[in-house]
Amino acid sequence: MNRAIHHAEAGMNILITGAPGCGKTTLIENVARELAGAHPAGFITREIRDAGERRGFALVSFCGRNGILAHVSIKSQWRVGKYGVDVPGFEAFLQELHLSDARLVIIDEIGKMECLSPLFRTRVTEVLDSPCVLVASIALRGTPFIEALKSRRDVEIYSLDRRNQEQVAGDVTMRVRGALCITGRGS
């Protein structure tokens, strides 16, 4: 399902969804690399692995900041499965990103862990309502907040699977380049 309805005063909002393991993070990383010259704000969520086993999730911002979103060793009142989520740490990380100043915001991912943060939910809503361009991966199924974002009339939703990853990456990159009036690779 790829749909687009835009309001003239709004920016472009692209949400990429798909089953876990379909390549959303890889796609977001590739799009971010192609659009690096636009100086995106936002972050990538990467798996933390130990001896081949996933132990948690790290945050890496486009401005060089790092953080930990969740880990099996974190003792927290916020949990998703076996992971303790560091909501205060995540919110401190978000404070340094200056999303409202950017022309392009890239977020991996709008998921259950991230949505435990009230600040994250607020920032995502602000970005969606702003004139900037948003490219974000979003959980296939999730919280009422996630479902509400996907049902907004001002978003384009791309459904990703292993077969269409290259096509979706190209389509998204082309749409963003057009919206930002960017020509050439990496610019």
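Glu 47 counts as partly exposed because its relative accessible area is 40% (buried is under 20%, exposed over 50%, and partly exposed in between, using a 1.4 Å probe and protein chains only). Arg 54, with a relative accessible area of 32%, is partly exposed too. Glu 47 and Arg 54 form a salt bridge, their closest N and O atoms being 3.1 Å apart; the term asks for a side-chain nitrogen of Lys or Arg within 4 Å of a carboxyl oxygen of Asp or Glu. Bring in Arg 49 and you have a network of salt bridges linking Glu 47, Arg 49 and Arg 54.

A quick word on the model: it is predicted, so local features need pLDDT of at least 70 and side-chain atom pairs count only at pLDDT 80 or more, while totals for chains, interfaces and linings use all residues. Residues are numbered from 1 along each chain as its sequence is written, and side-chain values use heavy atoms, with hydrogens and water left out.

## Salt bridges across the chain

Side chains of opposite charge can pair when their charged atoms come close. How many salt bridges does the rule give here? The count comes to 13.

One of them joins the side chains of Glu 34 and Arg 177, at 3.4 Å from N to O. This pair links distant parts of the chain, with Glu 34 in helix α1 and Arg 177 in helix α5 (residues 165-180), 143 residues apart. (Helices are DSSP runs of H or I with at least four residues, strands are runs of E with at least two, and both are numbered from the N terminus.) Glu 34 is partly exposed, at 22% relative accessibility, whereas Arg 177 is buried, at 14%.

Then there's Asp 129 with Arg 152, whose side chains meet in a salt bridge at 2.7 Å, N to O. Asp 129 sits in helix α3 and Arg 152 in the loop between α4 and β9 (156-159), so the pair ties together parts that are 23 residues apart in sequence. Arg 152 counts as buried, with 17% relative accessibility.

Helix α3 covers residues 118-129, and its 12 residues should span 16 Å at 1.5 Å a residue; the end C-alpha atoms are 17 Å apart, which agrees. The expected span is 1.5 Å times one less than the number of residues. At the start of α3, the backbone nitrogen of Leu 119 has a side-chain oxygen of Ser 117 within 3.3 Å of it.

Which residues of α3 are buried? They are Leu 119, Phe 120, Arg 123, Val 124, Val 127 and Leu 128. Looking down the helix axis, the buried residues fall within an arc of 165°, so they line one face of α3; the arc is taken from the directions from the helix axis to the C-beta atoms.

Strand β7 holds Glu 109, and the peptide bond leading from Asp 108 to Glu 109 is cis, with omega near 20°.

Two histidines are worth a look as well. His 39, in the loop between α1 (24-34) and β2, has a positive phi near 50° without being a glycine. At 63% relative accessibility, His 39 counts as exposed. His 98 also has a positive phi, about 50°, and is not a glycine. His 98 lies in the loop between α2 and β7 and is partly exposed, at 49% relative accessibility.

Definitions and conventions. Polar contact = N/O pair within 3.5 Å; in protein donor to acceptor, adjacent residues only side chain to side chain.
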